[in-house]
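User: I am new to this structure and would like to know what lies behind the terms used for it. Please take me through some of them.

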Amino acid sequence: MKMVQPRARAIFGHTAREVQPPREGPEGQNLVLKQHGQDFLVGNKFSWADVQLIEAILAVEEKIPAVLSGFPQLQVVGNQARRNMSGKPKLHYCNARGRMESIRWLLAAAGVEFEECFLETKDDLTKLQKDGSLLFQQVPMVEIDGMKMVQSRAIANYIAAKHNLYGKDLKERALIDMYVEAIIDLNELIMTHSFQPADKKEQHLATIVDKATNRYFPVYEKVLKDHGQDFLVGNRFSRADVQLLETLLMAEECKPDILAKFPLLQSFKARTSNIPTIKKFLQPGSQRKPPIQEKDLPKLMQIFH
Ligand SMILES: N[C@@H](CCC(=O)N[C@@H](CS)C(=O)NCC(=O)O)C(=O)O
């Protein structure tokens with residue numbers, strides 16, 4: 001039996017032993033796919049024929065890039081394979097925290113490498129809007145697993161579920177959702193601070209500190225105290241921990257001693273910051289973004305308004 005090439009294995013995640021011997025010849029696959037309208041060549045099931053086909057498509061395309069122009073079904077197969085092969089999610093946003101930062105955090109915490117495509121001008125946004133990449137004409141957009149995902153919460157949900165950061169059952173997920181939604185409320189309040197006019201900044205900062213220390217932090221402090229465990233939900237690391245840590249650090253940027261009355265949040269911060277993937281993300285030179293500065297505002301306004 002012919003060996004499955006590593007590349008084909010990377011595409012489908014199958015090994016030679018898991019698939020059937022060849023049943024199809026090298027020609028006519030475009031017609032086969034067109035006629036039965038299914039994803040795989042034979043019996044609507046992944047088979048050896050698919051492995052061979054994808055290998056052949058990629059090999060021939062390397063030599064003659066336009067070879068598939070008359071075979072739309074095969075183009076789809078080739079595109080899908082390339083997307084799966086490229087592996088890394090691609091993040092489309094500006095080079096700033098904004099609504100993408102929690103997604104960066106989640107991917108980094110899950111140990112997933114990602115690429116970034118930064119919008120530099122309004123034209124870059126318009127181009128994505130015009131080519132149909134943005135379902136609601138907005139970013140963040142993440143190319144992942146063959147999808148162009150938009151809506152930051154939907155993207156974060158998908159990543160969390162895919163990487164087992166979303167609890168072990170529905171009730172844990174519900175708890176994680178409640179914690180995360182509240183964290184997002186505080187995170188968004190902090191995020192809008194840079195956009196406040198000079199005469200409103202002080203009042204806005206006071207609101208952040210009030211909400212953080214009186215509404216949100218006491219809840220997480222109590223959760224940790226009551227169950228005595230290291231993580232917020234189910235005694236295991238979840239997206240709630242990642243997103244809480246992100247927001248604790250943002251709150252400290254607003255007021256360095258904001259955690260003074262929350263000893264368990266302080267130890268939570270130290271503990272989770274030391275998780276290897278997170279530790280790496282917190283180091284200089286990572287894809288984590290700095291807080292938005294006054295000087296960044298004109299560029300951001302020009303892109304989004
Ligand atoms: N609910 C959306 C909101 C997305 C959103 O407001 N995106 C802004 C940038 S942060 C945008 O694309 N603005 C351009 C526009 O609305 O035309 C999400 O969470 O992803």
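This is a predicted model: local features need pLDDT of at least 70, side-chain atom pairs count only at pLDDT 80 or more; totals for chains, interfaces and linings use all residues.

User: What makes the contact of Lys162 and Asp145 a salt bridge?

Analyst: A salt bridge needs a side-chain nitrogen of Lys or Arg within 4 Å of a carboxyl oxygen of Asp or Glu. The N to O distance for Lys162 and Asp145 is 2.7 Å, so the pair meets the cut-off. A search of the whole structure finds 18 salt bridges.

User: Why is Lys162 called partly exposed?

Analyst: Partly exposed is the range between buried, under 20%, and exposed, over 50%. Lys162 has a relative accessible area of 40%, so the term applies. Asp145, at 39%, counts as partly exposed too.

User: How do you know that Glu181 and Arg153 meet in a salt bridge?

Analyst: Their side chains are 2.8 Å apart, N to O, and the limit is 4 Å. Glu181 lies in helix α8 and Arg153 in helix α7, so this pair joins parts that are 28 residues apart in sequence. Glu181 has 35% relative accessibility, and for Arg153 the value is 35%.

User: Why does the pair Asp230 and Arg271 count as a salt bridge at 3.6 Å?

Analyst: The value of 3.6 Å, N to O, is within 4 Å, so the pair counts. Asp230 sits in the loop between α9 and α10, and Arg271 in helix α11, so parts 41 residues apart in sequence are tied together. Asp230 is partly exposed at 37%, and Arg271 is partly exposed at 28%.

User: What makes Glu101, Arg104, Glu116 and Lys289 one network?

Analyst: These residues are joined by salt bridges that share partners.

User: Which residues surround the ligand, and which pocket does the ligand take up?

Analyst: Among the surrounding residues are Tyr93, Gln137, Val139, Pro140, Gln151 and Phe304. The space taken by the ligand is the largest pocket.

Notes
Residues are numbered from 1 along each chain as its sequence is written. Side-chain values use heavy atoms; hydrogens and water are left out. Buried means under 20% relative accessible area, exposed over 50%, partly exposed in between (1.4 Å probe, protein chains only). Helices (H or I, at least four residues) and strands (E, at least two) are DSSP runs, numbered from the N terminus. A residue is near a molecule or strand if one of its heavy atoms lies within 4 Å of it. On a 1 Å grid over the protein atoms alone, a cavity is a set of points where a 1.4 Å probe fits but cannot get out, and a pocket is an open set with protein on both sides within 12 Å along at least five of seven lines; lining residues have an atom within 4 Å of a point. A molecule sits in a cavity or pocket if more than half of its atoms lie within 2 Å of its grid points.
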